[in-house]
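Morning, everyone. Please take a look at the sequence and the model on the screen.

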Amino acid sequence: MATEDIDPRYADLDLWSNSEALRALYESQVEGLARVSSALPAIATAVEQAVPRLRAGGRLIYAGAGTSARIAVQDGAELAPTFNWPRQRVAFAIAGDEAALLQAMEGAEDQTASAQARMSQLGVDANDVVIGLAASGETAYTIAALESARAGGALTIGVANTPNASLLKACDHPILIDTGAEAIAGSTRLKAGTTQKVVLNLISTLIMVRLNRVYRGLMVDMRPTNAKLRRRAARMVMSISGASQETAEQALATAGDDVKLAALLVRGLDRAAAQSLLDKHDGNLRSALDETAPASR
């Protein structure tokens, strides 16, 4: 198993100076990130298949154990504040349950029955998208979760760092990032974990872009829940519409802090008309703005 191999380059890591050790560890991380490039076509295909199911009301469900589970929770938990993705449409299957997020519970990764029970509890169906992660690709809990989800009709995506891993055979869309041996043998919290985080960033961000939650590089579905985010929302409306700060803030107040609605209100629409236009275009702000643009002469 590649992630368990000893890399002779790092055999004397404990003897090196801080600067030498840090340079070598950094280079290992960069090497791992470079391996993500070869997985981009598989990621694109997985996203293409996932979007219609999520557009139909499905959930994003993450499954994993140990480091992989913690990385998965970080990605999924950030979808609501960043993209206003409904919290009830994100779920997790974590070996050892939530307690394992703060304290390692290594034995939990062997509990296949627990994974099957979690999928049953969630009532996974054909609209759901389940992403399972395991650096070794042999984590029994995660494989069982993917197999159960697949049997329930869900779209399954597997992310592993070891070629020919069982996890990659247990899903519809296998994504391999072959990162090889770690600087500290078996410590997949290093480059394997880093690449898993990057892959999840790519998957979830592109999904949200395709679901019309991003416009011109802006998180236009974000909901401003504190002072910093309210300032950001106003800047977004100003950037999109060219409005003054005062006008943008007034539009946001009328729109209930909805950036998309506020941008359309600045165009002269009332709230009901703006909402109707967004609904017509499935939340696509670009298309809605195009429809309100003055006809060229």
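This is a predicted model: local features need pLDDT of at least 70, side-chain atom pairs count only at pLDDT 80 or more; totals for chains, interfaces and linings use all residues.

Now the overall dimensions. The C-alpha atoms fill a box of roughly 70 × 50 × 40 Å along the principal axes. The chain has 297 residues, and 47% of them count as buried.

Next, the inside. How many residues does the largest nonpolar core have? It has 35. L60, Y62, I131, I175, I203 and I207 have the most contacts inside that core. Several elements supply at least two core residues each, including strands β1, β2, β3 and β4 and helices α3 and α8. Helix α2 gives the most, with six residues.

On to a loop. V220 sits between α8 and α9. Is V220 buried or exposed? Its relative accessible area is 1%, so V220 is buried, because buried means under 20%. V220 and L285 are 65 residues apart along the chain, yet their C-alpha atoms are separated by 8.5 Å.

Last stop, the surface. K228, R230, R231 and R235 form a positive patch. Take K228 from that group. Where is K228 placed? It lies in helix α9, which covers residues 227–241. Its relative accessible area is 48%, so K228 is partly exposed, because exposed means over 50% and buried under 20%.

That's the tour. Over to you for questions.

Methods. Residues are numbered from 1 along each chain as its sequence is written. Side-chain values use heavy atoms; hydrogens and water are left out. Patches are made of residues with over 30% relative accessible area and no salt bridge: like charges are joined within 9 Å, nonpolar side chains (Val, Leu, Ile, Met, Phe, Trp, Tyr) within 5 Å. Accessible areas come from the Shrake-Rupley method with a 1.4 Å probe; for residues, only the protein chains shown count as cover. A salt bridge is a side-chain nitrogen of Lys or Arg within 4 Å of a carboxyl oxygen of Asp or Glu. Lys and Arg count as positive and Asp and Glu as negative; His and the chain ends are not counted. The place of a charge is taken as NZ of Lys, CZ of Arg, CG of Asp or CD of Glu. Helices (H or I, at least four residues) and strands (E, at least two) are DSSP runs, numbered from the N terminus. Buried means under 20% relative accessible area, exposed over 50%, partly exposed in between (1.4 Å probe, protein chains only). A nonpolar core is a set of buried Ala, Val, Leu, Ile, Met, Phe, Trp, Tyr and Cys residues joined through side-chain atoms within 4.5 Å.
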